[in-house]
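Subject: Structure handover

Hello,

Here is the structure you will be taking over. My notes on what was found in it follow below.

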Amino acid sequence: MKQIILVIQPNGQTTATAEGFEGSVCRAATAFLSQVLGPFLVEELTPAFYEQATTSPVEQADQL
């Protein structure tokens, strides 16, 4: 399941975690947050970022 978890601490510091995304798709999914909250100060990439995004055979057929 793909989800974005946003934690806002009492001091205003925010942390966003994108789970269930493969490859750089997570950056596109969280881009709206930097527009709303301001630029990211720190970015920590998970091992999933370095995986290639995969598509199912049905999704591949739809792209033809």
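β2 gives the largest share of the lining of the largest pocket, with 6 residues. Please keep in mind that this is a predicted model. The largest pocket holds about 830 Å³ of space. Its lining is made up of 28 residues, and those closest to the centre of the pocket are Ala16, Phe40, Val42, Glu43 and Glu44. Two elements, β2 (14-19) and α1 (25-37), each supply at least two residues of this lining. By residue type, the lining of the largest pocket splits into 14 nonpolar, 10 polar and 4 charged residues.

Next, the overall layout. The protein has 2 helices and 2 strands. Read from the N terminus, the elements come in the order β-β-α-α. The protein has 64 residues, and buried residues make up 9% of them. If you take the contacts between residues at least 6 apart in sequence, 32% of them join residues at least 24 apart.

A kink of about 35 degrees is found in α1, and the kink is centred on Ala31. After the helix comes Gly38, which has a positive phi, near 105 degrees.

Which residues of α1 are buried? They are Cys26, Thr30 and Leu33. What do the buried residues of α1 pack against? They pack against both β1 (3-8) and β2.

Thr30 is part of helix α1. Its relative accessible area is 11%, and because buried means under 20%, Thr30 counts as buried. Apart from its neighbours within four places in sequence, Thr30 is in contact with Ile4, Ala18 and Phe40. Of these, Phe40 is also among the residues closest to the centre of the largest pocket.

Is Ala29 buried or partly exposed? Its relative accessible area is 22%, which is not under the 20% cut-off for buried and not over the 50% cut-off for exposed, so Ala29 counts as partly exposed. With its neighbours within four places in sequence left aside, Ala29 is in contact with Ile4 and Phe21. Ala29 and Lys2 are 27 residues apart along the chain, and their C-alpha atoms are separated by 9.8 Å.

The last item concerns aromatic rings. The structure holds 1 aromatic pair. The pair is formed by Phe49 and Tyr50, with 5.2 Å from centre to centre and 90 degrees between the planes, and the arrangement is edge-to-face. Are the two partners buried or exposed? Phe49 has a relative accessibility of 16%, so it falls under the 20% cut-off and counts as buried. Tyr50 has a relative accessibility of 60%, so it is over the 50% cut-off and counts as exposed.

That is the end of my notes.

Regards

Definitions and conventions. Residues are numbered from 1 along each chain as its sequence is written. This is a predicted model: local features need pLDDT of at least 70, side-chain atom pairs count only at pLDDT 80 or more; totals for chains, interfaces and linings use all residues. Side-chain values use heavy atoms; hydrogens and water are left out. On a 1 Å grid over the protein atoms alone, a cavity is a set of points where a 1.4 Å probe fits but cannot get out, and a pocket is an open set with protein on both sides within 12 Å along at least five of seven lines; lining residues have an atom within 4 Å of a point. Grid points are joined across faces, edges and corners, and a volume is the space filled by probe spheres set on the points. Helices (H or I, at least four residues) and strands (E, at least two) are DSSP runs, numbered from the N terminus. Ala, Val, Leu, Ile, Met, Phe, Trp, Tyr, Cys and Pro count as nonpolar, Asp, Glu, Lys and Arg as charged, and the others, Gly among them, as polar. Rings of Phe, Tyr and Trp (its six-membered ring) pair if their centres lie within 6.5 Å; planes under 30 degrees apart count as stacked, over 60 as edge-to-face and the rest as tilted. Buried means under 20% relative accessible area, exposed over 50%, partly exposed in between (1.4 Å probe, protein chains only). The bend at a residue is the angle between axes fitted to the seven residues ending there and the seven starting there. Contact means heavy atoms within 4.5 Å.
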